[in-house]
Amino acid sequence: MSWSENGKLKSVPIQELYDLYDQPQKPDGGVSYKISSCSVAEDVAIVRIESQFGYNEFSDMFTLVKDGDGWKIISKVYHKK
């Protein structure tokens with residue numbers, strides 16, 4: 001998972017995001033997601049999601065690859081609004 005912070009590239013293992021979502025207590029302001037675009041070319045896709053986690057808003061962009069009957073996220077970048 002990668003993002004730009006003060007003009008510098010930052011990256012952390014995706015497990016940090018999973019750990020955050022696994023916490024039983026959700027942040028004040030709630031959590032919401034909306035797919036704003038999806039582009040598919042056979043067995044690859046790029047999906048943009050507008051999300052809110054607590055009072056923070058994000059634009060998330062995912063790269064996916066079809067694996068058998070399902071899709072797997074292989075990368076995520078985001079921008080904090």
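## Basis of the model

The structure is a predicted model, in which local features need pLDDT of at least 70 and side-chain atom pairs count only at pLDDT 80 or more, while totals for chains, interfaces and linings use all residues. Residues are numbered from 1 along each chain as its sequence is written, and side-chain values use heavy atoms, with hydrogens and water left out.

## Overall fold

The chain contains 1 helix and 6 strands (DSSP runs numbered from the N terminus, with helices being H or I of at least four residues and strands E of at least two). Along the sequence these elements follow the pattern β-β-α-β-β-β-β. Taken along the principal axes, the C-alpha atoms fill a box of roughly 40 × 30 × 25 Å.

Of the 81 residues, 23% count as buried (buried is under 20% relative accessible area, exposed over 50% and partly exposed in between, with a 1.4 Å probe and protein chains only). Among contacts (heavy atoms within 4.5 Å) between residues at least 6 apart in sequence, 21% join residues at least 24 apart.

## Aromatic cluster

A search of the whole structure finds 2 aromatic pairs. Rings of Phe, Tyr and Trp (its six-membered ring) pair if their centres lie within 6.5 Å; planes under 30 degrees apart count as stacked, over 60 as edge-to-face and the rest as tilted. Trp3 and Tyr78 form a stacked pair, at 5.4 Å centre to centre with 25° between the planes. This pair links distant parts of the chain, with Trp3 in strand β1 (residues 2-5) and Tyr78 in strand β6 (residues 70-80), 75 residues apart. Both Trp3 and Tyr78 are buried.

Phe58 and Tyr78 form an edge-to-face pair, with 5.5 Å from centre to centre and 80° between the planes. Phe58 lies in strand β5 (residues 56-67) and Tyr78 in strand β6, so this pair ties together parts that are 20 residues apart in sequence. Phe58 is buried, with a relative accessible area of 15%. Trp3, Phe58 and Tyr78 form one aromatic cluster.

Asp60 lies in strand β5 and counts as buried at 4% relative accessibility. Its side chain makes a polar contact of 2.5 Å with the side chain of Ser51 (a polar contact is a pair of N or O atoms within 3.5 Å; within protein, one must be able to donate a hydrogen and the other to accept it, and residues adjacent in sequence count only if both atoms are side-chain atoms). A polar contact of 3.2 Å also joins the side chains of Asp60 and Lys76. Not counting residues up to four places away in sequence, Asp60 touches Val47, Arg48, Ile49, Ser51, Lys76, Val77 and Tyr78.

Glu50 is placed in strand β4 (residues 44-53) and counts as buried at 18% relative accessibility. The side chains of Glu50 and Lys81 make a polar contact of 2.6 Å. With residues up to four places away in sequence not counted, Glu50 touches Ser32, Tyr33, Lys34, Ser36, Phe58, Ser59 and Lys81.

## Loop residues with positive phi

Asn6 has phi near 55°, a positive value in a residue other than glycine. Asn6 is in the loop between β1 and β2 (8-11) and is exposed, with a relative accessible area of 77%.

Glu42, likewise not a glycine, has a positive phi near 60°. Glu42 is found in the loop between β3 (31-41) and β4, where it counts as exposed at 74% relative accessibility.

## Largest pocket

The largest pocket has a volume of about 270 Å³. On a 1 Å grid over the protein atoms alone, a pocket is an open set of points where a 1.4 Å probe fits, with protein on both sides within 12 Å along at least five of seven lines; lining residues have an atom within 4 Å of a point. Grid points are joined across faces, edges and corners, and the volume is the space filled by probe spheres set on the points.

The lining comprises 14 residues, of which Met1, Leu17, Leu20, Tyr21 and Lys76 lie nearest the centre of the pocket. Helix α1 (15-22) and strands β4, β5 and β6 each supply at least two lining residues, and the largest share, 4 residues, comes from α1. The lining divides into 10 nonpolar, 1 polar and 3 charged residues (Ala, Val, Leu, Ile, Met, Phe, Trp, Tyr, Cys and Pro count as nonpolar, Asp, Glu, Lys and Arg as charged, and the others, Gly among them, as polar).
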